Amino acid sequence: MTDPNSTRPMRIGIVCYPTFGGSGVVATELGKGLAAKGHEIHFITYDQPARLGSFHANVFYHEVRVLDYPLFDYPPYELVLASKLVEVTRQHQLDLIHAHYAIPHASAAFTARAILEQEGLRVPYITTLHGTDITLLGRDPSFEPVISFAINQSDAVTAVSESLKDDTRHLFGVNREIEVVPNFFCPNHFAIPVKEDLRAAIAPANEPIITHISNFRPLKRVQDVVQAFARVRAAQPAKLLFIGDGPERYAAEVLAEKLGVHRDTLFLGKVKNPIEALLISDLFMLPSESESFGLSALEAMAAGVPVVASTAGGISEVVEDGVAGILCPIGDVDALAAAALHLLSDPERLERFSLQALQSADRFHIERVLPEYERIYRRVLNF
Ligand code: GMT
């Protein structure tokens, strides 16, 4: 039986993508939060996780280095990762491995667990499903059997929203239990001075700022943001701030020029701390056609910024429609513009939504969510 009051520290290996993407951010903040509670955390990935920052007690980083061997057209990252997991587990006596993203992290964790089992070591692995990509990519026959297997073999599986859990159930041969543990935010990241100089530079006449943050993949529908903004701009002064970079950025720049709103649109590219931009924003826009959770929308809410978004995937579990923002059908730029104008044209309403967004975000406070992961770890380990 697991002791529900146990505080025994655990040694946890975290495998994640080290980038600015939501899954990497969540995995990194989870590791930092667990380390602050006394657990020993080992990040195992190909680069220093972007949100790791400076030194943290109890946090270690192990780089997975793939040899650039002339025989390889495709470097076998998954195999090298599995070997690294075995090595780190042996050296640091890890209790468990937490794989964020099924492709290819869960299957590497499965291989590592099988190798260690041969040595008499039982090291469970937990898989957290992050993106709706799992439901798109994973359905492809070139991935499906391995992904379904790695999910089914996990000692525990979590998904970041009910929507992703349902999709995984329906689209894969996965009939095992999937627990929903939502993403979270860390309030201390928001307790920073507001950069009024940045705000004044972007909006010199104190125009409202609409912000979008993403990796500009086609599924983010950044051109809808530009289209909606052009409609808003036709009705009142406003500025549009884009944070991030990716394949659709150029098309968005071209569209902004074509629609005559390029002088009111600013592309900042990848920035180290997007929360600084959120703290000077008035509205956040996320019109994705697929989104398992929408961490950027949650971060906007935690900064007191109402969200205008699509109803895709798990967004409606995060953004309470009519409370923290307004949700619109996917691809409906008129609805996006009308929702933005509804909020921006009435300062009192905007202020009310801002407060509501802040309150609503509290459901995802790290202190509510982190113990959920600890509970799952202890159950799996019988600690
Ligand atoms: O949205 C992306 O393109 C990045 C992707 C990732 O790998 O970080 O985000 C996914 O995981 C995030 C963290 O759980 C979620 O907030 C995003 O909604 C999810 N993206 C998609 O489902 C498209």
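What volume does the largest cavity have? In this predicted model, the answer is about 60 Å³.

Rolling a probe the size of a water molecule over the atoms shows where empty space is left. Here the count comes to one cavity of 30 Å³ or more.

Now turn to the ligand, which sits in the largest pocket. Around the ligand you will find 20 residues, and the closest are Ser23, His130, Asn215, Lys220 and Glu291. This shell divides into five nonpolar, eleven polar and four charged residues. Both domains contribute to the shell: at least three residues come from domain 1 (11-184 + 365-381), and at least three from domain 2 (187-364).

From the side chain of His130, a polar atom lies 2.6 Å from an oxygen atom of the ligand. In the side chain of Lys220, an N or O atom is 2.6 Å from a ligand oxygen. Gly22 takes part through its backbone, with an N or O atom 2.8 Å from an oxygen atom of the ligand. How much of the ligand does the protein bury? Taken alone, the ligand exposes 480 Å², and the protein buries 93% of that.

Methods:
Residues are numbered from 1 along each chain as its sequence is written. This is a predicted model: local features need pLDDT of at least 70, side-chain atom pairs count only at pLDDT 80 or more; totals for chains, interfaces and linings use all residues. Side-chain values use heavy atoms; hydrogens and water are left out. A residue is near a molecule or strand if one of its heavy atoms lies within 4 Å of it. A polar contact is a pair of N or O atoms within 3.5 Å; within protein, one must be able to donate a hydrogen and the other to accept it, and residues adjacent in sequence count only if both atoms are side-chain atoms. Accessible areas come from the Shrake-Rupley method with a 1.4 Å probe; for residues, only the protein chains shown count as cover. On a 1 Å grid over the protein atoms alone, a cavity is a set of points where a 1.4 Å probe fits but cannot get out, and a pocket is an open set with protein on both sides within 12 Å along at least five of seven lines; lining residues have an atom within 4 Å of a point. A molecule sits in a cavity or pocket if more than half of its atoms lie within 2 Å of its grid points. Ala, Val, Leu, Ile, Met, Phe, Trp, Tyr, Cys and Pro count as nonpolar, Asp, Glu, Lys and Arg as charged, and the others, Gly among them, as polar. Domain bounds come from an automatic or database domain assignment. Grid points are joined across faces, edges and corners, and a volume is the space filled by probe spheres set on the points.
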